[in-house]
Amino acid sequence: MKKKTIVIITVVVGLLVVALLILSRFSEPPLPPLRLDLSQPVLSQPTATVDQAKKWAKRNHAANLFIELADTYWEIGEQTGVNPTIAYAQAALETNFMNFGGLVDASYHNPCGLKTATGGDDDDPDAHHRFADWYEGILAQYEHLALYAGQDGYPLEWPNDPRHFSYLFGEARTVGEIGDKWASSANYAKVLAELVDRMEVTPE
């Protein structure tokens with residue numbers, strides 16, 4: 001009889017623990033209303049922490065690789081003066097949180113759809129640059145953003161960015177302008193601004 005009672009108690013306690021875990025997941029406070037700031041500058045201090053970024057990525061069912069690379073994004077952001085919140089959000093947009101599924105896959109180590117120096121059609125896999133590793137690809141993304149944003153010391157003499165053209169200097173200093181210049185999609189800037197905002201308000 002004692003054994004049976006212990007088993008029942010163990011099962012009940014187990015069910016209560018599971019129920020509490022489920023309730024805690026759904027009892028998280030709602031996020032603030034969406035704020036689309038298209039005027040947010042690309043060159044700035046981080047507007048989210050790396051821990052916020054990782055939690056935001058997990059909430060969006062990001063690939064483990066994407067979550068692991070958050071530290072690299074914040075490290076290079078500090079070096080270049082580009083807000084890593086914007087760069088990380090852009091990588092999420094371009095790679096589907098590194099779940100990919102488009103023309104460019106993980107083997108390119110290309111987090112932002114950068115093309116080769118000669119460029120080419122969007123549907124041409126050879127038109128997109130292949131980087132040696134993720135650090136090189138992320139650094140190239142930052143160099144391209146910093147050039148667009150008009151960072152001091154740019155354009156660089158020996159960039160990783162294959163499309164580091166001097167005429168791009170200062171052409172896109174905000175999230176909205178990046179959206180206008182980086183992609184042909186009319187919604188690019190709005191989606192990017194939404195991703196940035198949701199990351200910034202993710203609880204730590």
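The following dialogue discusses selected side chains and their partners.

Modeller: This is a predicted model, in which local features need pLDDT of at least 70 and side-chain atom pairs count only at pLDDT 80 or more, while totals for chains, interfaces and linings use all residues. Residues are numbered from 1 along each chain as its sequence is written, and side-chain values use heavy atoms, with hydrogens and water left out.

Biologist: How many salt bridges does a search of the whole structure find?

Modeller: A salt bridge is a side-chain nitrogen of Lys or Arg within 4 Å of a carboxyl oxygen of Asp or Glu. With that definition, a search of the whole structure gives a total of 6.

Biologist: Which residues are linked with Arg35 in a network of salt bridges?

Modeller: Arg35 forms a salt bridge with Asp37, with the closest N and O atoms 3.6 Å apart. The side chain of Arg35 also meets that of Glu200 in a salt bridge, at 4.0 Å from N to O. This second pair links distant parts of the chain, 165 residues apart: Arg35 is in the loop between α1 (2-26) and α2 (50-59), and Glu200 is in helix α8 (residues 188-200). The residues linked with Arg35 in the network are therefore Asp37 and Glu200.

Biologist: Is Glu200 buried or exposed?

Modeller: Buried means under 20% relative accessible area, exposed over 50%, and partly exposed in between (1.4 Å probe, protein chains only). Asp37, at 22%, is partly exposed, and Arg35, at 47%, is partly exposed as well. Because its relative accessibility is 16%, Glu200 counts as buried.

Biologist: Which residue forms a salt bridge with Lys181?

Modeller: Lys181 lies in helix α7 (residues 175-182), and its partner lies in the loop between α6 (134-149) and α7, 10 residues apart. Helices here are DSSP runs (H or I, at least four residues), numbered from the N terminus. The closest N and O atoms of the pair are 3.3 Å apart, and the partner is Glu171.

Biologist: With the side chain of which residue does the side chain of Glu94 make a polar contact?

Modeller: Glu94 is in helix α5 (residues 84-95). Leaving aside neighbours within four places in sequence, Glu94 is in contact (heavy atoms within 4.5 Å) with Pro111, Cys112, Gly113, Trp182 and Tyr188. A polar contact is a pair of N or O atoms within 3.5 Å; within protein, one must be able to donate a hydrogen and the other to accept it, and residues adjacent in sequence count only if both atoms are side-chain atoms. At 2.7 Å, the side chain that makes this polar contact with Glu94 is that of Tyr188.

Methods: Helix = DSSP H or I, 4+ residues; strand = E, 2+ residues; numbered from the N terminus.
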